[in-house]
Amino acid sequence: TAEIASSTAEIASSTAEIASSAADAAEPSPAELVRAWRQPLAWLLCRCDDVRAAQLELLRAYESECADAGHEMLLHAAPTLKALWEAEVVEEAVILDWADATQPRPSAAGHRARKFAQPFCSWLRTSEVESS
């Protein structure tokens, strides 16, 4: 799990760097970033014995990056989660469990990330999504 945490933190950090370096150019949307990272993220998660735990670790790494990057990245929390869900990198149940998590106790940054992600999580809870 330490290897997963380290790798997901590196990927989340790289994604944040890509997003911040594109500030002068047309900034890529969260969906574009997730599409670009879908294959390596999925590969990393599939290599884990516990895919669910790996997906939760990815979300924790993202919330940690939100804390480091500040308000701008928090504004992208809901669209980023939506993009991860649409790309089938993170399952719906995992996102909702992360959003509702009380254990381990989320940091202040974790609470903020969950707060900004709440519109998407609320939509996930109430919508009936068609399976394709």
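**Helix packing and ring pairs**

Biologist: Is the crossing in which H6 passes H7 left-handed or right-handed?

Modeller: This is a predicted model: local features need pLDDT of at least 70, side-chain atom pairs count only at pLDDT 80 or more, and totals for chains, interfaces and linings use all residues. Residues are numbered from 1 along each chain as its sequence is written, and side-chain values use heavy atoms, leaving out hydrogens and water. A crossing is left-handed if the near helix is turned anticlockwise from the far one by less than a right angle, and right-handed if clockwise. The crossing of H6 past H7 is left-handed.

Biologist: How is H6 oriented to H7?

Modeller: Helix H6 (residues 92-100) packs with H7 at about 135°, and their axes lie 10 Å apart. Axes are lines fitted to C-alpha atoms over the stretch in contact, and angles run from 0 to 180 degrees between N-to-C directions. Angles under 35 degrees count as roughly parallel, over 145 as roughly antiparallel, 65 to 115 as roughly perpendicular and the rest as oblique. So H6 to H7 is oblique.

Biologist: How many charged residues has the contact of H6 with H7?

Modeller: Contact means heavy atoms within 4.5 Å. H6 contributes residues including Glu-92, Trp-98 and Asp-100, and H7 residues including Arg-114, Phe-120 and Arg-125. Ala, Val, Leu, Ile, Met, Phe, Trp, Tyr, Cys and Pro count as nonpolar, Asp, Glu, Lys and Arg as charged, and the others, Gly among them, as polar. The contact has 9 nonpolar residues, no polar ones, and its charged residues number 4.

Biologist: How many helices are there in the protein?

Modeller: Helices (H or I, at least four residues) and strands (E, at least two) are DSSP runs, numbered from the N terminus. The pattern along the sequence is α-α-α-α-α-α-α. Strands number 0, and helices number 7.

Biologist: Are H3 and H5 roughly parallel or roughly antiparallel?

Modeller: Helix H3 (residues 51-69) and H5 pack with axes 12 Å apart, at about 155°. H3 passes H5 in a right-handed crossing. The pair is therefore roughly antiparallel.

Biologist: Which residues of H5 meet H3?

Modeller: H3 supplies Leu-58, Leu-59 and Tyr-62. By class, this contact has 6 nonpolar residues, 1 polar and no charged. On the H5 side stand Ala-77, Thr-80, Leu-81 and Leu-84.

Biologist: Is Thr-80 buried or exposed?

Modeller: Thr-80 sits in H5. Leaving aside neighbours within four places in sequence, Thr-80 contacts Pro-30, Val-34 and Tyr-62. Buried means under 20% relative accessible area, exposed over 50%, partly exposed in between (1.4 Å probe, protein chains only). At 11%, Thr-80 is buried.

Biologist: Why is the pair of Trp-85 and Trp-123 edge-to-face?

Modeller: Rings of Phe, Tyr and Trp (its six-membered ring) pair if their centres lie within 6.5 Å; planes under 30 degrees apart count as stacked, over 60 as edge-to-face and the rest as tilted. The count comes to 3 aromatic pairs. In this one the centres are 5.6 Å apart, and the pair is edge-to-face because the planes stand at 75°.

Biologist: How many residues apart are Trp-85 and Trp-123?

Modeller: Trp-85 lies in helix H5 (residues 77-86), and Trp-123 in helix H7 (residues 108-126). Trp-85 is buried at 16%, while Trp-123 is partly exposed at 37%. The pair links distant parts of the chain, and the residues apart number 38.

Biologist: Which residue joins Trp-85 and Trp-123 in a cluster?

Modeller: One ring pair stacks on Trp-123, with centres 5.8 Å apart and planes at 25°. Ring pairs link Trp-85 and Trp-123 into a cluster with Phe-120.
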